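Subject: Structure handover

Hi,

Here is the structure for you to look over. My notes on it follow below.

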Amino acid sequence: MGMDSDIKLIDENGLRLDGRKFDELREIKIEAGVLQRADGSAYLTWGENKVMAAVYGPRELHPRHAQNPSKAVVQARYNMAAFSVSDRKRPGPDRRSVEISKLISEALEEIVFVEQFPRAAVDVFIEVLEASAGTRCAALTAASVALADAGIPMSDMIASCAAGKIDGHVVLDLGQKEDNFGEADVPLAIVPRTDKVTLLQMDGDLTTEEFDKAMELAVGACKEIYEIQRDALKRRYSTSLEGYEDFEEDE
Ligand code: ADP
């Protein structure tokens, strides 16, 4: 962010490097229930980002001193694979992944009915297989679907998307070069049905008007993303019913 550069991010036709308009999302696809061993899972592609989320629990939290006697603890672990970026990323937790894991845990605690499961853990493992900006939003979006797929009691799903500023214009969903050379990046996560904000960060600077415009774009995108999340769950549910019918016919 804010790196000095002559790179032009918007062309004379008002289009971005990948041909998108200011208010256009990268393509998002989600598939729920892709892992057999996890209680719930989701695989999400978002532009060139590829993210897998796996959920386990609620289950007894170990070590026991980490238990909360009045509610479950949501433990998200965000990890970027060594091969997720063009220069090999040093494996293991770093400051950035610890920060993102904490943000995601706190956001998900807002939707899970944690009071129903004292002393328990809900573990959410997020593996970023390919990263191309916006991975915290992609991770939170995938994790919400995986939680729902696990059947964990929750009020709703969270959808997340960033908006920002490039070449003086407020735009939706920054790509990698836009993130590197743009002026601001504002990741947002909301519960789309209530507009409750569960994550909001700002890297760079925006005026109040620009911030309002960025929020308008990001909130609108979260609602679109929410429909993709719901659709992934519907597809998962209908295929398992079909499987069940086949099973009965075989008998
Ligand atoms: P987000 O992925 O949520 O936008 P950042 O703004 O911190 O988070 O990172 C932007 C992008 O920069 C990431 O999506 C990734 O493509 C790239 N990136 C982050 N960390 C590294 C790293 N250690 N090595 C190479 N690229 C990285």
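Contact here means heavy atoms within 4.5 Å. Angles are taken between N-to-C directions and run from 0 to 180 degrees. Please keep in mind that this is a predicted model.

Helices first. Helix α1 (residues 95–109) lies across β4 and β5. The run of α1 is at about 145° to β4. Helix α2 (residues 135–149) lies across β1, β2, β3, β4 and β5. Its angle to β2 is about 150°.

Now the sheet. It is open and built from five strands, ordered β1-β2-β3-β5-β4. The pairing is mixed. At the edges stand β1 (28–32) and β4 (73–80). Each has a single partner strand, so one side of each lacks a neighbour in the sheet. From one strand to the next, the twist averages 15°.

On β1, the partner is strand β2 (residues 40–46): the two run antiparallel and are joined by five bridges. Ile-30 stands opposite Leu-44 in β2.

Last, the aromatics. The count comes to one aromatic pair. Tyr-56 and Phe-125 form it, with 5.9 Å centre to centre and 75° between the planes. Planes over 60 degrees apart count as edge-to-face, and this pair is edge-to-face. It links distant parts of the chain: Tyr-56 sits in strand β3 (residues 49–60) and Phe-125 in strand β5 (residues 120–130), 69 residues apart.

Best regards

Technical notes
Residues are numbered from 1 along each chain as its sequence is written. This is a predicted model: local features need pLDDT of at least 70, side-chain atom pairs count only at pLDDT 80 or more; totals for chains, interfaces and linings use all residues. Side-chain values use heavy atoms; hydrogens and water are left out. Rings of Phe, Tyr and Trp (its six-membered ring) pair if their centres lie within 6.5 Å; planes under 30 degrees apart count as stacked, over 60 as edge-to-face and the rest as tilted. Helices (H or I, at least four residues) and strands (E, at least two) are DSSP runs, numbered from the N terminus. Two strands pair if DSSP finds at least two bridges between them.
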